[in-house]
Amino acid sequence: MNDEFDDGLTSGSSAAAGKLMQDGISSTQLLQMLLQREKLLYQNYPLSLAQGEGMIGWRERNRECAWMCAAARRIGLEMDAASLAVSIFDRVVTSVRIPGKYVNCVAVGSLSIAKKLCEDHEEDAPVFLGRLRLEYSAQELKRMELKILQVLGWDAHLPNLNRFVECLLSELEATFLLPSIKKHMDFLLCDSTLTSNFRWSVLALSTVSLLVEATNKHWQYPINSLARLCKIPMSEVNRCRVKISNLWSRHMLPMPSTFHMLADLDDQDSDMDVDSPLTYDQSTHPPAPSSEASEYITSPVPRALQPTPC
């Protein structure tokens with residue numbers, strides 16, 4: 001079963017998509033492939049969660065996405081892994097009903113799958129769980145990963161915010177700007193009012209537009225060109241830009257600026273880890289689970305439902 005899991009996870013064109021840039025595929029080609037896949041996978045917006053007693057809501061979704069971002073930082077993963085984990089998690093929770101008592105197990109499984117896809121080396125499940133100070137067993141994690149992959153149709157290399165931002169900045173020959181907005185992207189990933197109403201491509205283009213505006217007073221020309229390339233109406237970009245700016249303002253994040261982009265990136269990462277608003281909230285975790293109907297994503301009762309805050 002383990003061999004089947006590893007082979008299925010990394011086989012096919014979707015796994016190869018993660019290496020396209022290294023294989024000589026241009027950013028324009030990769031961008032078009034991402035847009036095509038996004039159009040195929042995300043046909044209905046705004047997204048919605050299944051309703052029902054005991055099912056998760058957007059608040060629980062945001063909490064677990066905050067945990068995934070914090071956990072990814074804790075074990076040294078880059079933004080691509082955190083962004084993919086959130087994309088996987090969102091795809092699952094908007095596709096099937098998830099009881100609240102299992103939502104953290106789904107988040108852990110999503111992060112584990114994203115880590116395997118984004119890192120060059122494998123890590124044993126007990127080591128991964130130990131680094132996150134979780135008490136799920138390796139077998140419980142494996143079962144949840146398999147359930148997630150079944151929901152995804154064994155296609156876990158999903159379009160995500162970080163990948164779109166990378167492609168758009170590459171089109172502008174400005175990928176060096178990506179590290180300067182890591183903290184800003186965390187907040188976008190963890191805000192369901194944005195992620196449920198705007199596709200990743202729209203969120204990415206709106207974020208890039210704010211970044212370019214901070215460095216070039218003639219920002220509208222390149223952004224209009226990217227919008228035409230992506231076939232995204234500028235009216236939608238402008239609407240999204242306003243919501244992103246409001247989100248950053250609420251969390252007292254500085255708008256991207258030339259000074260901000262030239263600041264020491266190590267200091268930014270350090271500040272985020274010391275006092276991050278994305279801290280995982282244990283107090284709202286559900287009680288221990290009981291048996292559930294087979295249509296739910298379920299897992300064996302874990303020995304500890306709540307991870308140590310990251």
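Of the 87 residues in the largest nonpolar core, those touching the most other members are Trp67, Ile88, Leu111, Leu161 and Val165. A nonpolar core here is a set of buried Ala, Val, Leu, Ile, Met, Phe, Trp, Tyr and Cys residues joined through side-chain atoms within 4.5 Å; buried means under 20% relative accessible area, exposed over 50%, and partly exposed in between, with a 1.4 Å probe and protein chains only. Helix 5 (residues 79–93) supplies the largest share of this core, ten residues. Because domain 1 (44–152) and domain 2 (161–255) both give residues to the core, it lies between them; the domain bounds come from an automatic or database domain assignment.

This is a predicted model, in which local features need pLDDT of at least 70 and side-chain atom pairs count only at pLDDT 80 or more, while totals for chains, interfaces and linings use all residues. Residues are numbered from 1 along each chain as its sequence is written, and side-chain values use heavy atoms, with hydrogens and water left out.

The protein has 16 helices and zero strands. Helices (H or I, at least four residues) and strands (E, at least two) are DSSP runs, numbered from the N terminus. Of its 310 residues, 52% count as buried. Among contacts with a separation of 6 or more, 80% are between residues 24 or more positions apart, a contact being heavy atoms within 4.5 Å.

Ile88 shows some of these contacts in detail. Leaving aside residues up to four places away in sequence, Ile88 touches Ser110, Ile113, Ala114, Ile148, Leu152, Ala156 and Leu158.

Next comes a pair of helices. Helix 6 (residues 103–118) and helix 8 (residues 138–151) pack at an angle of about 80 degrees, and their axes are 9 Å apart. Axes are lines fitted to C-alpha atoms, for helices over the stretch in contact, and angles run from 0 to 180 degrees between N-to-C directions. Helix 6 is therefore roughly perpendicular to helix 8 (angles under 35 degrees count as roughly parallel, over 145 as roughly antiparallel, 65 to 115 as roughly perpendicular and the rest as oblique). Residues making the contact include Ser110 and Ile113 of helix 6 and Ile148 of helix 8.

Two loop residues remain. Gly52, in the loop between helix 3 (27–41) and helix 4 (58–74), counts as partly exposed because its relative accessibility is 41%. Glu78 lies in the loop between helix 4 and helix 5, and its C-alpha atom is 9.2 Å from that of Glu119, 41 residues apart in sequence.
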